[in-house]
2 protein chains.
Amino acid sequence: MQDNDSIQRQGAGSDGHVRIPMAELQALLQRIFERHGTSEDVAAILARNVAEAQRDGADSHGVFRMPGYVSTLASGWVDGHAVPVVTDAAPSFISVDARNGFAHPAHQAARALLLEKVRAQGIALLAIHDSHHFAALWPDVEPYAQQGLVALTFVNSMACVVPHGGKRALFGTNPIAFAAPRADAEPLVFDLATSAMAHGDIQIAAREGRQLPPGHGVDRDGNPTCDPQAMLDGGALLPFGGHKGSALSMMVELLAAALTGGNFSFDFSWDKHPGAQTPRTGQLLIVIDPAKGAGANFAQRAEALVRAMRDAGQTRLPGDRRYQRRRESLASGVALSDADMTMLRQLAGD
Amino acid sequence: MQDNDSIQRQGAGSDGHVRIPMAELQALLQRIFERHGTSEDVAAILARNVAEAQRDGADSHGVFRMPGYVSTLASGWVDGHAVPVVTDAAPSFISVDARNGFAHPAHQAARALLLEKVRAQGIALLAIHDSHHFAALWPDVEPYAQQGLVALTFVNSMACVVPHGGKRALFGTNPIAFAAPRADAEPLVFDLATSAMAHGDIQIAAREGRQLPPGHGVDRDGNPTCDPQAMLDGGALLPFGGHKGSALSMMVELLAAALTGGNFSFDFSWDKHPGAQTPRTGQLLIVIDPAKGAGANFAQRAEALVRAMRDAGQTRLPGDRRYQRRRESLASGVALSDADMTMLRQLAGD
């Protein structure tokens with residue numbers, strides 16, 4: 001109730017939006033996760049992740065995902081109480097069994113050990129398997145760059161992308177995220193699906209009835225289509241950038257699944273769990289300490305690269321739009337549509 | 001002379017080609033490198049690299065590159081006698097100063113230590129700086145996969161790619177290469193420029209007077225062009241896949257240059273060294289031992305992925321064409337055009 005009061009004090013925007021303080025959004029999301037079958041620890045981690053995506057304007061991975069989380073938990077497909085098992089496999093290699101839980105608690109359980117290893121060894125790897133990753137990927141790497149480290153991560157998802165030259169969906173949208181520190185500004189961070197479009201964006205386009213440009217996907221017969229609903233109804237996405245994006249997507253399957261011991265994107269089926277939406281796969285993180293090498297002034301070099309990119313006419317850097325939205329959200333509250341706010345209240349049982 | 005006799009015994013093809021045994025091609029190339037200013041050790045490493053590219057049908061990085069190597073050595077821009085300095089920077093981090101020499105001898109000088117670290121630590125990193133990489137990138141990673149390891153490498157080059165949304169060339173063609181072992185076949189290997197086309201292929205298209213499809217580059221005024229010569233004459237290439245390829249190219253600058261201590265692609269100029277063609281930059285290699293984690297059966301998993309890709313209709317895998325050409329070359333000799341053979345003989349002073 002207190003949450004709702006606060007929300008209303010922020011006032012509804014003239015365009016059917018409200019703004020809600022970040023902490024209250026997190027608390028509301030945490031109540032929803034706990035109410036729908038996660039432990040308190042898992043709820044806190046996922047609530048923060050979803051709230052951060054919403055805060056940064058990553059609409060396809062913000063509160064938009066909550067019904068998917070809830071229906072997945074209700075289906076029994078994922079264990080919201082799973083306690084990950086961390087194995088110190090080698091001096092620079094950590095393996096985590098997520099025990100059919102979400103990827104983020106598994107990552108969190110190994111984070112301190114990973115940081116210790118990176119600082120000592122120069123590079124370290126975190127391999128998570130039997131995990132469900134249903135979120136944006138940039139929040140997994142940005143914190144490392146905030147600490148002066150370089151981070152790279154790969155996660156595979158569910159079969160919805162046709163390999164280049166192929167006829168049937170096999171790869172996931174298989175994103176790659178990268179973060180690097182800058183001396184005088186927020187880190188350089190990107191998060192890119194190796195599909196022509198992120199799955200969440202296809203879903204949003206379908207919901208809004210928008211057509212997509214050519215080259216994004218095929219229908220159930222394998223024919224090119226611009227209709228996002230046809231891609232979702234038995235059709236599939238295409239990789240970005242033709243054979244190159246397809247090769248990168250293959251690499252993500254090998255790194256996030258084969259190397260971690262997780263499922264490939266085509267290795268599992270949730271047919272017997274109606275409502276389940278999360279892929280049960282794996283995730284790989286590689287974190288590097290640039291202070292160890294001849295590139296000890298890494299953050300200054302990154303700053304020089306940014307200046308050169310601006311001088312060459314690149315007006316928007318990867319991450320710029322997110323940081324802008326983040327500043328607005330922290331100053332004025334996180335924007336939510338009235339419809340999303342209603343949905344969250346229903347999920348919270350308010 | 002012996003070389004020439006052997007070559008002639010192979011007989012000229014009806015299409016103006018000869019076939020030459022791999023060992024003889026390597027010996028001929030080694031003589032050329034030594035004659036034009038490299039040490040015997042450097043010559044052996046580069047000759048093998050160029051011969052392997054030619055053997056595998058990688059025309060833009062085979063003997064086609066020899067005049068560029070020779071004119072670069074003649075210009076004094078690169079030190080063909082450089083002895084790289086290897087620093088054991090941390091348990092999983094090796095730094096190599098190539099001392100303004102080629103990247104391959106620097107890599108070779110650290111290879112044994114890198115393998116030792118990977119087997120002990122699970123993952124290790126090799127950061128090379130002040131190096132000249134003028135070759136295909138896949139030969140740098142394939143040998144690790146032949147030994148059951150997973151390898152990833154990044155190298156930046158010279159400013160010839162306009163960042164997405166920018167107006168001037170800044171990034172190099174900045175390739176990424178990846179190799180992973182398979183249980184029952186040659187490794188899965190790809191090597192992709194993050195530009196819309198590799199620089200060598202642009203040069204070949206220009207030489208042959210071919211126009212390129214739209215979306216590959218701009219002319220000196222920043223306008224889109226399909227003329228490869230206009231891209232080379234003050235114009236520039238575009239990244240592959242729009243903003244995603246551009247983000248990956250930025251990542252390559254950060255990993256191969258900022259992290260290693262090497263030059264960015266825009267950090268150097270060879271203006272005072274007429275004939276010089278090699279970029280003086282850096283290279284990063286990351287090698288992983290999959291046996292350390294829960295993915296210990298990596299090569300079998302990779303095999304399963306390949307079967308699934310074939311079942312999904314992907315008829316050609318990354319590397320397939322190279323392996324096919326390699327088999328032909330090892331059986332019948334490496335194919336060279338008559339013009340290339342003449343060029344090599346001239347460079348060798350035969």
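These legends walk through several close-up views of a predicted model.

A few notes first: residues are numbered from 1 along each chain as its sequence is written, while chains are lettered from A and ligands numbered from 1 in the order in which they are written. Because this is a predicted model, local features need pLDDT of at least 70 and side-chain atom pairs count only at pLDDT 80 or more, whereas totals for chains, interfaces and linings use all residues.

**View 1. Seven strands of chain B make up an open sheet.** Follow the strands in the order β2-β3-β4-β11-β5-β6-β7, and you will find mixed pairing. Helices (H or I, at least four residues) and strands (E, at least two) are DSSP runs, numbered from the N terminus, and two strands pair if DSSP finds at least two bridges between them. At the edges sit β2 (85–90) and β7 (188–192) of chain B, each pairing on one side only. From one strand to the next, the twist averages 15°; axes here are lines fitted to C-alpha atoms, for helices over the stretch in contact, and angles run from 0 to 180 degrees between N-to-C directions.

**View 2. Strands β6 and β7 of chain B pair in the antiparallel sense, over five bridges.** Strand β6 covers residues 176–180 of chain B. Look for Ala177(B), whose bridge partner in β7(B) is Asp191(B). Helix α6 (residues 138–146) of chain B lies across β5 (150–155), β6, β7 and β11 (280–288) of chain B. Relative to β6(B), helix α6 runs at about 15°.

View 3. Strand β8 (residues 217–218) of chain B joins β9(B) through two bridges in the antiparallel sense. Val218(B) has Pro224(B) as its bridge partner in β9(B).

**View 4. Pro224(B) belongs to strand β9 of chain B.** Is this residue buried or exposed? Pro224(B) counts as exposed, because it has 12 C-beta neighbours inside 10 Å (buried means 20 or more other C-beta atoms within 10 Å of the residue's own, exposed 12 or fewer, and partly exposed in between, with C-beta atoms placed from the backbone). Leaving aside residues up to four places away in sequence, Pro224(B) touches Pro214(B) and Val218(B); contact means that the C-beta atoms, placed from the backbone, lie within 7 Å. Pro214(B) is 10 residues from Pro224(B) along the chain, and their C-alpha atoms are separated by 7.6 Å.

**View 5. Domain 1 and domain 2 of chain A are in contact.** Domain 1 spans 2–75 + 333–348 and domain 2 spans 85–195 + 239–292, with bounds from an automatic or database domain assignment. Their C-alpha centres lie 24 Å apart. Here 16 residues of domain 1 are in contact with 15 residues of domain 2. On the domain 1 side, α3 (40–55) and α4 (66–75) of chain A each supply at least two residues, and α3(A) gives the largest share, seven residues.

**View 6. Chain B can be laid on chain A by a turn of 180° and a shift of 0.0 Å along the axis.** The RMSD is 0.0 Å, with copies superposed by least squares on the C-alpha atoms of residues with pLDDT of at least 70 in both. That is the relation of a two-fold axis. In chain B, the C-alpha of Gly241(B) is the nearest to the axis, 2.1 Å from it. The copies meet through the same surface, because 100% of the interface residues of chain B are also interface residues in chain A.

Methods: Two residues are in contact if their C-beta atoms, placed from the backbone, lie within 7 Å.
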